[in-house]
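Student: Could you show me how to read a structure such as this one, taking one feature at a time?
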Amino acid sequence: MSSSDDDVPLAIRGRPNGSSPKSKKASPKPKSPERITKAMEKRLDDEMDLDTAGDTGGIGITVTNTSTRPKRKSTKPAVKNESSDSDVPLTKRRKPNGTPLKSETDSDDDVPLASRRGAAAAKKPSPKAEKAEESDSDAPLLTSKLSPAAMKMLQKEKVEVEKKAAETAKAIRAEKNLPTGKRKLDVRKEEESDDDVPLAGRKKVAQKKAKTGKTTAKKVVKKASARAGKGKAGKGDGEEEEEEAGYAWWQEQTESDGKTKWTTLEHNGVMFPPPYQRLPRHVKMRYDGVPLTLPEAAEEVAGFFGAMLTSEHVKNKVFCDNFFGDFLEVLEESGGAQGPDGQDVDVTDFNKCDFTPMFEYFEAKREERNQLTVQQKKDLKAERDALEEPYLYCRLDGRKEKVGNFKVEPPGLFRGRGEHPKTGKLKKRVMPEQVTINIGEEAKVPAPPPGHKWKSVVHKQDVTWLAMWTENVNDNVKYVMLAATSSLKGQSDFKKFEKARELKGVVDIIRKDYERELRDKSMVVRQRATAMYLIDKLALRAGNAKGEEEADTVGCCSLKVSNITLRKPNLVTFDFLGKDSIRYYNEVAVDPQVFTNLRLFKARKDGADELFDRITTQSLNKHLTSYLKGLTAKVFRTYNASWTMQIELAKIPAGGSVHDKVAAYHLANKTVAVLCNHQRGVPANFAQNMQRAIDRVKGLRYQKLRLKRQIAYLDPKRVKKMPDYFKPDPEIQEDFDTWVVEHQKLLIEQEREKIHRKFEKDNEKQVSDGKPELKEKELNERLKALKEMEKEFEKENKTGKVEPKTRSCSIEKIEEQIKKMDEKIKKAEMENHVKDENKTIALGTSKLNYIDPRLTVMFCNKHNVPLDKFFPKTMRDKFKWAIESADETFEF
DNA sequence: AATATCACTTAGAATTCTATAG
DNA sequence: CTATAGAATTCTAAGTGATATT
């Protein structure tokens, strides 16, 4: 059983000397020397800074010694019983957020599909980590998991990809009549001037014009016909449609100064959550077995926890402590708890609290809601929709635009990810008095709820938010902004991808520069070059400094010494918690100079010290800006993701079914997701579902065998002629005789249920038709079929033959059926395999944020695949600009 | 220069909807 | 038709990076 679970609940880390809540950690003096000498590099070899453990061949993992583990590791939970976690079903295991050592690895795995790579899988540190390791062969990573030969292939491929990138860059510059020289000054100037074109490159405009002309024309036709068809549907009809169609900003060439986001803005403010409704009197939490009567405010907070009893959060000590602390505070403020006789009860011990009555009440409520008829549900929904209606849209510069999160976040318990020190704290109800409204000067200010007023009303035209408040747990600002489908968001999305495409034009120079600077004498330069290398090759995030009161996670610039392990000759193991406390685990063969540098940066530091102690994200970004205005570390992620996608998509051959194309696209998508380390938790009952799916396929194989056995029945000579053909598929051969009996029982059982259900239904019908109920006799009559089945199975098991049900059944027809069955089996098996492979990989994030949507449009056009195979409704809305401006010729 | 503030994008989990296998 | 699995959507936390402040 995974011991990684044990890492979840940790004691709250005390914050020394009441530093200001938001202060970022004070950067200590750099420990690394300012200049690097040859001697220092030489000396590295004499120092014991490398892990010498392990034979070279192995993926054997070096266990970092305890002193270099992050603090987080060494802080052991005060109370922790090992056994409690082992009760958690496999499938509910939490992802390993705790940077477990390899040795803590779960040896038992989530029921794997047959094809699991043996040794490698067994050694994996955790399911999460596995993903990182299992990087697809196409991922631009040099993963040491692979055989030396495969590694070489990979390396070669990576080189190819970069070569291609360099060629592209040169081509771009050549097109601009620029020298292809190294002097970046020239390039920089050009890029900068180019950047003044706010949207697409000027050259593209003409091309786009032509394209969009087409679509516009089409639309006009459609609209006209729609109007004609509707006839007298309404006079404002045409106008309405114009409204809904939205603003095709990508067809305009208007330049904005990039500062002003709007000139007029009207909206209806925000929607507050409904007020708290008290629980029925009989629903009470218990304290030491005694039902408590709580004041309204305290009851609400208790309910927040009570509703979560099945969540993983309640197993987290920090979460419980934080909740309980805040609960007690509210309880005291609101007057305290009473027992059944009205006596005061002093609540002090979390462990004496029992929230199950509340939990059960909420569950019952939910079930009740579930039981409503379809119509009732519809009515309820309509009611809700009517309430939301006023907030759905705003009017920005006269245009109707969709608003995103117009609902004020309801109170609840803060669900911080990973080891967030504040997780579980009470998120208080937001009052109108805390909300600032941003709206046009001319516009009518939305009325605050009766008896309340807004904190303030502002008219900031340089921002896009409509309303704002500060949340109480982390003092973070929450904004109400437009939806992703809005033109404002669309434009900035477009700009993001255009910036990444601009990077194409300079990326080769940047790469040459940092490769050279890997050997620079200056520590600052060398650290910067090394960080650039990691950001570029591994798509690491920038890694801004973080505060004391946040989860302890890192990105590139904030990597700690303990996050990397080095093994000669040039293997680096990255193991750290990144954004959202998602583990990044990767073993990579790096450029030898990078390896040397990392050794140098680690030298004479503690595990908790910063690896890159002389650079910051700001200094790194400042440097990047000198190549290209607006170039920052995050652009590399976008660039590498989209570029990788383009390369992967280009590999997909023409021809084949739509199904094949879809699968191939998803595979390309997966490559990108792995590159970006996008992971997801395995759904609670994944293993169970998987097993069911596998059993279903086995069942199909048996059905296939039965078809063959029909042939055996019709033409017994064949069995002699080709005995192998009549054997069960190899996949079910093992213990077939035992299995098949079990399976047959199951089939009979299923049939029995079916008959029962049918009987009951028929009975209901009889009753509603005013006829007498069916007799028990009738049921028994029907159940006789089961006996028949049983007999047939017995006979089949003896003879290996099945009598066809229908007379007119030719061998040819049966063979046809077998073929169909084979296809069905193959498809189901493929799907199961993919499902298992992707169980921990989140494809959505890269599709939504990193892969230029025009690539998907290009792919669909080129291969004639409907776009909705990849973009669901909301994405099609969000990427409307891409859908209407790209065709099969688009190149990132 | 450090750091605080602000605005915005990116992210996985949780919830709701829906398609389809049974 | 209905239960369920998976897809889609919603929610809000957690990043990045620009700019203001000290």
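Student: What percentage of the residues of chain A count as buried?

Tutor: Buried means under 20% relative accessible area, exposed over 50% and partly exposed in between, with a 1.4 Å probe and protein chains only; of the 892 residues of chain A, 45% count as buried. This is a predicted model, in which local features need pLDDT of at least 70 and side-chain atom pairs count only at pLDDT 80 or more, while totals for chains, interfaces and linings use all residues. Residues are numbered from 1 along each chain as its sequence is written, chains are lettered from A and ligands numbered from 1 in the order in which they are written, and side-chain values use heavy atoms, with hydrogens and water left out.

Student: How many aromatic pairs does a search of the whole structure find?

Tutor: Rings of Phe, Tyr and Trp (its six-membered ring) pair if their centres lie within 6.5 Å, and planes under 30 degrees apart count as stacked, over 60 as edge-to-face and the rest as tilted; the search of the whole structure finds 30 such pairs. One of them joins phenylalanine 576 and tyrosine 584, which are stacked at 5.0 Å centre to centre with 20° between the planes, and both of these residues are buried.

Student: Which residues form one aromatic cluster?

Tutor: Phe305, Phe319, Phe323, Phe324, Phe327, Phe350 and Phe355 form one such cluster.

Student: Which lysine lies over the face of tyrosine 393?

Tutor: A charge sits over a ring if NZ of Lys or CZ of Arg is within 6 Å of the ring centre and within 35 degrees of the ring normal. Lysine 400 lies over tyrosine 393, at 4.5 Å from the ring centre, and lysine 708 lies over the face of tyrosine 725, at 4.3 Å from the ring centre.
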